[in-house]
Amino acid sequence: MIQQYPTALTIAGSDSGGGAGLQADLKTMQACQTFSTNVIVGITAQNTLGVQGQYPLPKQVVTRQFASILADFHIQAVKTGALFDAEHVQMVADELQWSRLPNLTVDPVMIAKGGAHLLTPAGIRKIKSQLLPQATIVTPNLPEAELLAEQQIISEADRLSAAKKIQQLGAKNVIIKGGHGSGPLVKDYVRLANGDDFWLTAPRVKTKRTHGTGDTLSASITAFLAQGLGISTAIQRAHAYLEMIIEKPLVLGHGHGPLN
Ligand code: PLP
């Protein structure tokens, strides 16, 4: 019997520089042995120095891609990335609602490393009201977690309370990534649906070649969920994968270079 190859869907923005967004998702999923289909929500003109242009796609273009994928593939896990504005968040939330695809990872992409805003304030509110209630896991970094939980995060106790608040918005599992913190260790805080929690730590790698790290983590979680792994194992395997590849970035471009 031919076995079904694990298949995912990424709903993302394209990064012309190849380091983040859709391109990071596809290469990460491939490296983690999952095939990924993709709905492109918008296109960015971007390189390692920053984002020079953003072009969200018309509704018809987005919904047509969903229809083509859903008519043909058996999708075992989904992730969302840059969604640009409230209108596009709503489009995606509606498609996910009626299609009932399993294992949704929401990467609430808001601001790129170079400082470009990839989501409007109204888009953030829509993610909270429309996407988090559908999320198996949400993967904010510290500034994103502050905006979702509407609180400052300074201490470790703040991370615990922010994660709880984010769960109250409907996300089942939460990982608050510590990359934007300081200190020799990057500490990610994980809070699971059943209330169990744990920290994942890794040495802080001194590099500015971190473009696409968030996408890589969320895409690898999605890849492992598509393979049927439990949420806790998927998170730990994804963390280990990122820790491995952040050590050996490609030397490309003049700014925040891409991962390998
Ligand atoms: N561009 C796109 C299209 C993205 O989806 C993302 C992150 O998800 C970024 C840029 C930002 O990547 P980074 O913050 O790692 O530079």
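**Shell and sheet, term by term**

Tutor: By class, the ligand's shell holds 6 nonpolar, 10 polar and 3 charged residues. This is a predicted model, where local features need pLDDT of at least 70, side-chain atom pairs count only at pLDDT 80 or more, and totals for chains, interfaces and linings use all residues. Numbering starts from 1 along each chain as its sequence is written.

Student: What makes a shell residue polar, nonpolar or charged?

Tutor: Ala, Val, Leu, Ile, Met, Phe, Trp, Tyr, Cys and Pro are nonpolar, Asp, Glu, Lys and Arg charged, and the others, Gly among them, polar.

Student: How do you know which residues surround the ligand?

Tutor: A residue is near if its C-beta atom, placed from the backbone, lies within 6 Å of the molecule. That gives 19 residues, the closest being G13, A20, G21, A82 and K113.

Student: Why are strands 3 and 9 called edges?

Tutor: Strands are DSSP runs of E, at least two residues, and helices are H or I, at least four, numbered from the N terminus. Two strands pair if DSSP finds at least two bridges between them. The open sheet of 9 strands runs 3-2-1-4-5-6-7-8-9, with mixed pairing. Strand 3 (50–56) and strand 9 (197–203) each have a single partner strand, so one side of each lacks a neighbour in the sheet.

Student: What makes strands 5 and 6 a pair?

Tutor: Strand 5 (residues 104–106) and strand 6 (residues 137–138) share 2 bridges, in the parallel sense, and at least two is the requirement. They count as paired, with T105 opposite I137 in strand 6.
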